[in-house]
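Here are some notes to read alongside the structure.

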Number of protein chains: 2
Amino acid sequence: MPEPEPIADFYAVVPAGGSGTRLWPVSRAASPKFLHDLTGSGRSLLQATVDRLVPLAGEDGVVLVTGAAHVDAAREQLGLADEALVAEPSPRDSMAAIGLAAAILQERHGDVVIGSFAADQVISGRDGFEQAVREAVVAARAGYVVTVGIAASRPSTAFGYVRSGAGLGVDGAPSALHAVGFTEKPDAATASAYLATGEYRWNAGMFVVRTSVLLDHLARLRPALHDGLRRIAASWDTGADARARVLADTWPGLEKIAIDHAIAEPVAAEGGVAVVPGVFGWDDVGDFNSLAALLPSVDGSGTKILGDTSAVIRVESAGSVLVPASGRTVAVLGLDDVVVVDTPDALLVTTRARAQQVKDIVAALRERGEDDLL
Amino acid sequence: MPEPEPIADFYAVVPAGGSGTRLWPVSRAASPKFLHDLTGSGRSLLQATVDRLVPLAGEDGVVLVTGAAHVDAAREQLGLADEALVAEPSPRDSMAAIGLAAAILQERHGDVVIGSFAADQVISGRDGFEQAVREAVVAARAGYVVTVGIAASRPSTAFGYVRSGAGLGVDGAPSALHAVGFTEKPDAATASAYLATGEYRWNAGMFVVRTSVLLDHLARLRPALHDGLRRIAASWDTGADARARVLADTWPGLEKIAIDHAIAEPVAAEGGVAVVPGVFGWDDVGDFNSLAALLPSVDGSGTKILGDTSAVIRVESAGSVLVPASGRTVAVLGLDDVVVVDTPDALLVTTRARAQQVKDIVAALRERGEDDLL
């Protein structure tokens with residue numbers, strides 16, 4: 001079977017932000033989670049994200065939006081052209097990141113469809129992913145803001161959910177549904193109730209939408225943010241000096257808001273959001289416990305090792321997540337389900353059950369002023 | 001009060017052997033336990049051992065017996081003269097080590113009293129220690145092999161015991177008792193039963209005896225070993241070449257046996273062993289769990305840190321033993337009673353309850369041929 005063609009007039013936007021403090025000490029402010037190979041695949045999360053988008057958007061159809069501090073590392077990992085890189089002077093949350101990319105692409109190409117895909121997610125099942133995106137693009141062309149809702153494999157309290165309603169009835173997008181609304185991360189009982197209805201899927205933060213539709217919603221709902229982004233986009237390709245001047249004038253004053261709150265939730269309430277069910281493996285690799293699900297077992301003990309397995313000595317220990325990343329030998333004796341992360345300047349020892357709490361260690365380090373370890 | 005004088009014609013023998021595999025990765029074959037400061041006192045176990053013997057035996061009264069590989073490190077730590085160092089070409093267990101020192105000292109000084117004190121024990125309560133040794137020396141002059149029996153503070157299964165009988169009735173050694181016999185490490189029930197009788201004390205492996213008495217027992221009980229040691233001792237101070245030649249001829253053929261089995265047990269059965277109760281804190285620092293008892297608490301959590309306390313970040317963790325010895329930051333989250341030992345080339349993570357089993361890690365490394373880590 002020949003490779004399918006990339007989708008015409010479709011661009012993939014990859015917002016790469018967030019420091020991933022729950023994955024400390026692997027993930028650091030200066031070298032965040034998306035720059036790391038957390039699955040042992042040989043590719044960083046960012047590289048794997050771009051790898052899976054190129055078949056859909058084409059070699060020149062991927063735009064990365066990331067902090068200025070990470071542009072060099074991203075360029076080195078990806079070999080992207082300058083016009084495919086949008087460097088943010090400071091973090092302004094996902095609406096500014098995706099909105100700026102949309103405005104720049106509309107300046108360059110007119111009214112096209114964009115899809116936003118975070119740089120730090122892990123997806124398995126490429127066929128299911130591509131099918132969902134292709135359907136989402138069709139629904140987006142019909143004027144909807146389209147999200148991909150992941151079939152929930154467990155009542156997770158770590159993810160938000162999108163609730164679906166009736167079929168959308170758009171030709172070429174047979175599985176697309178109306179999105180009734182979005183929810184924040186639920187408690188365990190609520191998450192179980194969600195699953196029982198069959199109407200709730202994980203909100204993976206993938207949004208597919210025409211640039212004109214997105215910008216029109218933004219102009220209506222967040223006019224100041226819209227105007228600022230359009231002003232920056234208009235100057236973007238008019239020379240480095242002009243871009244820098246407008247960025248310096250405009251960027252710091254932009255509202256910090258997530259696209260979920262700025263667009264997805266209010267537009268869903270108006271009936272303007274669709275959801276395409278995604279049938280593929282998905283994880284946001286939020287912490288070392290979720291990492292475990294992504295790594296192969298090295299033996300019958302359920303131990304998961306990210307890195308050189310020969311660096312590990314394990315005696316009467318099962319179910320642990322071990323990250324030997326300093327070149328040293330890591331010996332674990334008589335402890336189950338622990339997390340040991342060994343980096344050249346910092347060592348973390350905790351349990352899989354406490355993995356979400358690793359951010360408390362980062363907070364404690366920040367409080368102590370140990371910025372070199374953050 | 002003036003310092004008491006050293007004991008006349010008394011020499012302290014310090015056998016420094018054993019690799020301390022249960023204290024890996026701090027203790028290594030090339031840098032065993034006795035060379036390390038395991039109490040945070042600023043002195044290695046060996047230095048602390050010699051520090052406490054000099055007031056009893058005098059500056060020139062301490063003789064160290066250790067493996068040839070450790071002589072340089074010991075000399076550097078102690079600043080001992082050459083004649084105070086006995087280098088063993090290979091390990092031949094404690095009878096050969098102590099017997100050789102006894103034979104050399106008898107060649108040099110005639111019939112004197114020696115006391116042997118292992119280099120890797122921790123003692124607190126200097127007055128109690130000195131009083132016990134001074135009594136033991138008096139009993140030894142009367143012809144006994146004298147051991148110091150430590151008041152057991154718990155029914156330990158990690159130590160052997162010495163059982164006492166009737167009073168010895170030697171002037172100047174009022175608390176000395178006949179030793180009825182020795183036991184191997186007991187199980188927990190037996191250990192509890194021992195404590196209930198009041199007759200059993202921990203055998204700390206401290207033996208005080210006249211050189212002539214020791215060598216006569218040895219000549220009778222292990223004649224070949226006795227003859228070999230006397231031959232080496234006779235050549236010891238007759239020049240480096242002669243010493244080396246006799247050592248090379250004789251040492252490899254010497255019987256490997258502990259002084260407990262060679263002398264203490266059979267002589268006790270004959271009524272020739274005395275025990276002086278020792279009223280002082282004593283530990284053999286066998287593993288990281290016993291280390292915990294020797295380290296000060298850093299806070300109310302019962303956490304014990306050997307090394308730089310500022311290198312540790314602890315969140316919801318209590319009762320752990322942490323050894324930050326690589327310069328890196330060690331973060332522990334949500335785990336109690338764990339042991340984390342961080343050295344430049346190897347990391348150990350286990351529990352205090354499994355501390356005795358650390359030797360299994362060393363065995364696994366040996367099996368894998370990772371000799372550089374042993």
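1. Contact here means heavy atoms within 4.5 Å. The model is a predicted one. By that cut-off, 14 residues of domain 1 of chain A are in contact with 22 residues of domain 2 of chain A. Domain 1 covers 10-283 of chain A, and domain 2 covers 288-373. Taken over C-alpha atoms, the centres of these two domains of chain A are 30 Å apart.

2. How much area do domain 1 of chain A and domain 2 of chain A bury between them? The value is about 1500 Å², with 67% of it on carbon and sulfur atoms. On the domain 1 side, A:Arg22, A:Trp24 and A:Arg28 lose the most area to domain 2 of chain A, and together they make up 42% of what that side buries.

3. The interface of the two domains of chain A has one salt bridge by the rule used. Separately, look at A:Arg28, whose side chain meets that of A:Asp345 in a salt bridge, at 2.7 Å from N to O.

4. Next, the two chains. Their contact takes 37 residues from chain B and 37 residues from chain A. Chain B and chain A bury about 2900 Å² between them, 60% of it on carbon and sulfur atoms. Four salt bridges are counted between the chains. One salt bridge to look at is formed by the side chains of B:Asp342 and A:Arg328, at 2.6 Å from N to O.

5. In chain B, how do the axes of helix α6 (residues 211-221) and helix α9 (residues 259-269) cross? They come within 11 Å and cross at roughly 95 degrees. Angles of 65 to 115 degrees count as roughly perpendicular, and α6(B) and α9(B) are therefore roughly perpendicular to each other. Helix α6(B) makes the contact with B:Leu214, B:His217, B:Leu218, B:Arg220 and B:Leu221, while α9(B) contributes B:Ile259, B:Ala262, B:Ile263, B:Pro266 and B:Val267. Of the residues in this contact of α6(B) with α9(B), eight are nonpolar, one is polar and one is charged.

6. Some backbone details remain. Most peptide bonds are trans, and most residues other than glycine have a negative phi. A cis peptide bond joins A:Trp24 to A:Pro25, with omega about 5 degrees. A:Pro25 sits in the loop between β1 (10-16) and α1 (45-57) of chain A. In chain B, B:Trp24 and B:Pro25 are also joined by a cis peptide bond, with omega about 5 degrees. A:Asp337 has a positive phi, near 55 degrees, and lies in the loop between β15 (329-333) and β16 (338-342) of chain A.

Conventions:
Residues are numbered from 1 along each chain as its sequence is written. Chains are lettered from A and ligands numbered from 1 in the order in which they are written. This is a predicted model: local features need pLDDT of at least 70, side-chain atom pairs count only at pLDDT 80 or more; totals for chains, interfaces and linings use all residues. Side-chain values use heavy atoms; hydrogens and water are left out. Axes are lines fitted to C-alpha atoms, for helices over the stretch in contact, and angles run from 0 to 180 degrees between N-to-C directions. Helices (H or I, at least four residues) and strands (E, at least two) are DSSP runs, numbered from the N terminus. Angles under 35 degrees count as roughly parallel, over 145 as roughly antiparallel, 65 to 115 as roughly perpendicular and the rest as oblique. Ala, Val, Leu, Ile, Met, Phe, Trp, Tyr, Cys and Pro count as nonpolar, Asp, Glu, Lys and Arg as charged, and the others, Gly among them, as polar. Domain bounds come from an automatic or database domain assignment. Buried area is the accessible area (1.4 Å probe) that two parts lose on being put together, summed over both.
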